[in-house]
Amino acid sequence: MDYVAWEQRMSVGVDVLDGDHKRLLAMFNGLLAGGVSARAKDDVSGLLGDLRDYTDVHFRREEEWMERAGYPDLESHRAAHRHFVAEVEKLRREFDDSHAVMLRIDLILLLKDWLIDHIQTVDMRYKPFLAGSDVAASGAAPTG
Ligand SMILES: [Fe+2]
């Protein structure tokens with residue numbers, strides 16, 4: 001069972017960004033559902049590396065959409081994203097020295113802060129801007 005399931009109310013109105021959010025949720029759910037303490041450290045470390053990498057890919061994509069739409073609050077949104085990437089990287093780096101139970105708690109807190117609070121408050125602020133932009137109307141990811 002998923003720890004947190006994506007719901008329609010989390011939709012930012014752009015399919016590719018919703019798809020990223022779903023995939024990131026699945027990565028968190030995978031890490032938590034399998035039980036971080038029941039796995040080999042290298043496996044967990046690898047999954048955390050994957051999560052960090054995909055987080056970075058997603059944020060860059062989201063920032064590109066905001067840029068195209070002329071979203072006025074891009075810089076503070078970008079700063080929030082850099083914070084989350086640093087948090088995931090910190091968890092990955094510290095994991096070798098820390099207990100799996102701590103990692104689990106930290107992951108749950110990050111999941112709440114970011115995928116729940118960030119998507120539902122901060123991301124929602126760009127929704128009307130992207131909905132009114134040509135890139136959103138075309139349904140395609142911006143290129144170049
Ligand atoms: Fe965001």
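Okay, ground rules. Because the model is predicted, local features need pLDDT of at least 70 and side-chain atom pairs count only at pLDDT 80 or more, while totals for chains, interfaces and linings use all residues. Numbering runs from 1 along each chain as its sequence is written, and side-chain values use heavy atoms, with hydrogens and water left out.

Let's start with the metal. Which residues coordinate the iron ion? They are E62 (OE), H77 (NE2), H81 (NE2), H118 (NE2) and D123 (OD), at 2.1 to 2.3 Å. A donor here is an N, O or S atom within 2.8 Å of the metal (3.2 Å for Na, K and Ca), and water is not among the atoms, so sites may look incomplete. Along the chain, the donor spacing reads E-x14-H-x3-H-x36-H-x4-D. E62 sits in helix α2 and H118 in helix α4, so this pair ties together parts 56 residues apart in sequence. Helices, by the way, are DSSP runs of H or I with at least four residues, numbered from the N terminus. And E62 and H118 are both buried; buried is under 20% relative accessible area, exposed is over 50%, and partly exposed is in between, with a 1.4 Å probe and protein chains only.

Now, salt bridges: a side-chain nitrogen of Lys or Arg within 4 Å of a carboxyl oxygen of Asp or Glu. That rule gives 13 of them. R9 pairs with E7 at 2.8 Å, N to O. R9 counts as exposed because its relative accessibility is 54%, and E7, at 35%, is partly exposed.

Then there's R78 with E67, closest N and O atoms 3.9 Å apart. R78 belongs to helix α3 (residues 74–95) and E67 to α2, so that bridge links parts 11 residues apart in sequence.

E89 is buried at 18% relative accessible area, whereas R92 is partly exposed at 23%. Shared partners also join D56, R60, E63, E67, E75, R78 and R82 into one salt-bridge network.

Last stop, the surface. V101, M102, I105 and L109 make a nonpolar patch there, with about 360 Å² of accessible area together. Patch members have over 30% relative accessible area and no salt bridge; like charges are joined within 9 Å, nonpolar side chains (Val, Leu, Ile, Met, Phe, Trp, Tyr) within 5 Å. Areas are Shrake-Rupley with a 1.4 Å probe, and for residues only the protein chains shown count as cover. L109 is in α4 and, at 52% relative accessibility, counts as exposed.

Conventions: Helices (H or I, at least four residues) and strands (E, at least two) are DSSP runs, numbered from the N terminus.
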